[in-house]
Amino acid sequence: MAYINLETRQIALIGIGTVCKHFYMQFQGMLDIKYCFSVGANKKSSNMESFFAGSGVKYEPFEASLVRKQNLLLVMCAGHEFRKRNDKILYNKGFQWGKDYIDSLYVVQYYRKKYDLRLENKNIWIFGAGNTGKRFYDKYREVYKIGGFISNFSTETACLGLPVIRPGEITRQDAPHVVICCNEEALIAEQLGKMGYRGGRDFTFEDMLPKRLLIAVGTCQIERVTKLLQKNIKSVTYDICIYRDNMYAPCSEADNRRLEAYGAYCDVVFYNVVNAGTSEQRNYEPLVTQYFPESKRLFMPFYYFSGQAVQASEVENKYTIMYRNQYFWLRGDKEINNMIENGLTMEEVRRQVANPDYWDREKIRKHFYRELKKIEIMDRFSSFPIKGFIEKNYRDMMIFNDDTHFGFHLSMYLANALAETLDIEPITDPGLLEEAEREERSVMPLYPSVRQALEMNIKGDARIYNVKEGKTVNVDIEMYAEIYYRYVVSIRDIYKGLGTIF
């Protein structure tokens with residue numbers, strides 16, 4: 001991918017209003033910003049109009065023809081989580097990421113790299129000793145070396161035990177970096193600019209701090225672990241970008257181009273790696289080798305484990321249906337599938353799965369330890385082995401929700417292991433810990449014979465998505481068997497009626 005030289009292009013901003021304003025105030029001295037486009041129903045915001053009045057930046061409705069005619073480079077001012085929606089809009093206008101538009105995060109990382117902005121080595125000064133500045137201090141005081149506060153009011157001399165100095169005094173400090181945290185943001189940015197400070201190099205806003213960059217790319221397992229890390233309030237020193245990429249949710253062309261471009265700025269990449277039991281489709285080693293040569297690598301295989309949910313199938317269920325773009329029963333209950341194929345009635349299926357002697361105890365134990373051995377082999381290809389976690393906790397929690405999807409507890413364990421490697425404090429937020437209890441039950445139930453053989457202490461309920469109610473509910477083993485039976489028989493009849501049965 002060609003290097004994106006920002007300084008040679010005229011820039012137009014598009015996206016969330018507050019982010020557009022912060023971007024302009026921070027980078028107006030670096031970039032040739034000509035436009036800020038409104039989106040939606042082509043309605044302008046009076047607030048945005050007044051902000052850009054007299055700045056030389058034209059604020060007007062978005063017009064693709066204008067962008068092409070003037071060869072503008074669009075900067076999408078929105079969070080990483082909004083990229084897919086925005087990519088779709090711009091793709092339909094014929095624009096390509098990296099050529100016609102980029103993200104505001106890319107610009108932040110571009111200047112972070114250009115000026116080697118490692119805030120851990122800087123003296124951070126907070127411009128504004130009010131509530132916003134105090135909140136920033138509380139959030140970052142254990143992360144950065146904060147020298148104190150800056151204020152234009154001579155009456156303010158101390159705040160939270162730190163000095164409050166005047167703007168002219170910051171030049172006396174070694175390696176300062178100013179974070180603007182006050183209501184008069186535009187005036188402060190202008191004031192710092194006149195003092196020779198350049199936005200993006202010498203001063204910034206909290207939502208555009210030049211943080212370290214962590215990129216996660218891979219399957220749902222990588223995604224879930226990283227999302228938990230993202231919720232960790234202690235992970236404030238990283239911008240975290242998640243790219244889910246597998247056979248069911250492939251990366252878009254725009255995301256592929258992002259991965260290539262962001263590789264030059266990425267500090268840590270967390271990804272799936274191939275192993276003896278993992279499909280080559282889930283191996284991201286070649287991509288990482290090509291795009292992330294200087295990044296710290298953290299990886300794990302695509303794990304699968306059916307030691308608790310013995311009935312879980314490792315292959316795609318042949319009876320599937322799409323609902324709201326989601327597969328139902330993608331990993332099927334092979335035991336019930338076989339019972340249905342063998343002609344058992346629904347009542348017979350219910351009795352079978354609820355029978356505490358359905359499987360022989362020794363058979364269950366042998367299967368469990370065989371699965372555990374498989375995990376041990378996979379752990380050789382992981383930065384964060386999980387065999388010990390399973391051995392310690394399998395009696396008290398569901399480790400996997402089926403055979404391939406991590407339960408909450410395992411996801412939390414791996415998120416904290418990832419945090420420890422990155423020198424981030426573990427997750428201690430009570431809300432997230434309570435979520436572990438809410439999600440303890442699996443999408444597949446524990447058969448009573450398994451609970452008994454493995455001496456497990458948890459309930460065997462399943463979590464089922466109730467389409468009519470639009471929510472997930474817990475059901476016992478017999479109700480699960482009835483719902484699953486009705487589902488498979490109904491879909492099988494549809495397949496037969498359409499002539500598509502195998």
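Helices (H or I, at least four residues) and strands (E, at least two) are DSSP runs, numbered from the N terminus. On that basis the protein has 18 helices and 21 strands. This is a predicted model, in which local features need pLDDT of at least 70 and side-chain atom pairs count only at pLDDT 80 or more, while totals for chains, interfaces and linings use all residues. Residues are numbered from 1 along each chain as its sequence is written, and side-chain values use heavy atoms, with hydrogens and water left out.

## Overall

The C-alpha trace spans about 80 × 55 × 40 Å along its principal axes. The protein holds 502 residues, and 52% of them count as buried. Buried means under 20% relative accessible area, exposed means over 50%, and partly exposed lies in between (1.4 Å probe, protein chains only). Contact means heavy atoms within 4.5 Å. Among contacts between residues at least 6 apart in sequence, 69% join residues at least 24 apart.

Two strands pair if DSSP finds at least two bridges between them. Axes are lines fitted to C-alpha atoms, for helices over the stretch in contact, and angles run from 0 to 180 degrees between N-to-C directions.

Strand 2 (residues 32-38) runs parallel to strand 3, joined by four bridges. Within this pair, Phe 37 has Glu 60 in strand 3 as its bridge partner.

Strand 6 (residues 123-127) and strand 10 run parallel and share five bridges. Five of the five residues of strand 6 are buried, so strand 6 is largely enclosed by the rest of the structure. Asn 123, Trp 125 and Phe 127 point one way from strand 6, Ile 124 and Ile 126 point the other way, and all are buried.

Strand 10 (residues 176-180) is mostly covered, with five of its five residues buried. Pro 176, Val 178 and Ile 180 point one way from strand 10, His 177 and Val 179 point the other way, and all are buried.

Phe 127 has a bridge partner in strand 10, Ile 180. In strand 7, the bridge partner of Phe 127 is Ile 150. Val 179 stands opposite Thr 204 in strand 11.

| Strand pair | Bridges |
|---|---|
| Strand 6 and strand 7 (residues 145-150) | five |
| Strand 6 (residues 123-127) and strand 10 | five |
| Strand 10 and strand 11 (residues 203-205) | three |

Another open sheet has four strands in the order 13-12-14-15, with parallel pairing. Its edge strands are strand 13 (238-244) and strand 15 (296-300), and each pairs on one side only. Neighbouring strands of this sheet are turned by 15 degrees against each other on average, direction ignored.

Strand 14 (residues 268-272) pairs with strand 15 in the parallel sense over five bridges. Val 269 has Arg 297 in strand 15 as its bridge partner. Helix 8 (residues 220-231) packs on the sheet, where it touches strand 12 (212-218), strand 13, strand 14 and strand 15. The direction of helix 8 makes about 155 degrees with that of strand 13.

## Helix 4 against helix 9

Two packed helices are described by the angle between their axes and the distance between the axes. For helix 4 (residues 83-92) and helix 9 (residues 253-262), the angle is about 115 degrees and the axes are 10 Å apart. Helix 4 and helix 9 are therefore roughly perpendicular to each other. Angles of 65 to 115 degrees count as roughly perpendicular, under 35 as roughly parallel, over 145 as roughly antiparallel and the rest as oblique.

Arg 83, Lys 84 and Asp 87 in helix 4 meet Ala 254, Asp 255 and Arg 258 in helix 9. The contact residues divide into one nonpolar, no polar and five charged. Here Ala, Val, Leu, Ile, Met, Phe, Trp, Tyr, Cys and Pro count as nonpolar, Asp, Glu, Lys and Arg as charged, and the others, Gly among them, as polar.

## Arg 365

Arg 365 sits in helix 13 (residues 361-379). Arg 365 is partly exposed, with a relative accessible area of 29%. Arg 365 touches Ala 453 and Leu 454, leaving aside residues up to four places away in sequence. Arg 365 and Ala 453 are 88 residues apart in sequence, yet 6.9 Å apart in space, C-alpha to C-alpha. The Arg 365 side chain reaches the backbone oxygen of Ala 453 at 3.3 Å.

Terms used: Polar contact = N/O pair within 3.5 Å; in protein donor to acceptor, adjacent residues only side chain to side chain.
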